[in-house]
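I opened this entry to look up charged side chains. The notes follow in the order in which I checked them.

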Amino acid sequence: METTVPGAAKAERLRLRMESLGIREDALEEQFVQGFGPGGQKVNKTSSCVVLSYPAANLVIKCQRTRSRELNRYYARWELCERIAERTEGERSLRQQEAEKIRRQKRRRSRRQRNRMLDDKHHQGLKKRLRRKPDAE
């Protein structure tokens, strides 16, 4: 995770992405609220948390990834672009893809899959037993 303000190239890419999705900067409503959670007094005293609302799409993004207000503004706009692209272009967001991947990993195997896996293990064990040296007895 970066801790510096995004460079001009990144900001330009974000601006172009916003234009391509039809998001106008003047249509955004931005507020800065006090942060919360871990980070001590500094986080709880300063207004570095960004609340970005986009009434045209009825979206509200709240971003407090870093202690930097400028970086949080960048991330909030990036998140807004992701959500609008997900809606308009039918893209699956990275977050959805990760959640689906974890869901697939945790899913229980079917009876057929379990039996096939056990058969493969038994077959592998048999091959290993046949590789052993014969007993001297």
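Is Glu12 buried, partly exposed or exposed? I found Glu12 partly exposed, at 33% relative accessibility (buried is under 20% relative accessible area, exposed over 50%, partly exposed in between; 1.4 Å probe, protein chains only). The model is predicted, so I note that local features need pLDDT of at least 70 and side-chain atom pairs count only at pLDDT 80 or more, while totals for chains, interfaces and linings use all residues. Residues are numbered from 1 along each chain as its sequence is written, and side-chain values use heavy atoms, without hydrogens and water.

I next looked up the salt bridges (a side-chain nitrogen of Lys or Arg within 4 Å of a carboxyl oxygen of Asp or Glu). The count is 9.

Glu12 pairs with Arg15, with the closest N and O atoms 2.4 Å apart. The two are 3 residues apart in helix α1 (residues 8–21), about one helical turn (helices are DSSP runs of H or I, at least four residues, numbered from the N terminus). Arg15 is partly exposed at 37%.

I then checked Glu82 and Arg17, which form a salt bridge at 2.9 Å between the closest N and O atoms. Glu82 lies in helix α3 (residues 69–88) and Arg17 in helix α1, so the pair ties together parts 65 residues apart in sequence. Glu82 is buried at 17%; Arg17 is partly exposed at 26%.

Glu79 and Arg83 meet at 3.2 Å, N to O, and both lie in helix α3, 4 residues apart. Glu79 is buried at 10%, and Arg83 is partly exposed at 29%.

Last, I noted a salt-bridge network linking Glu25, Glu30, Glu70, Arg73 and Arg77.
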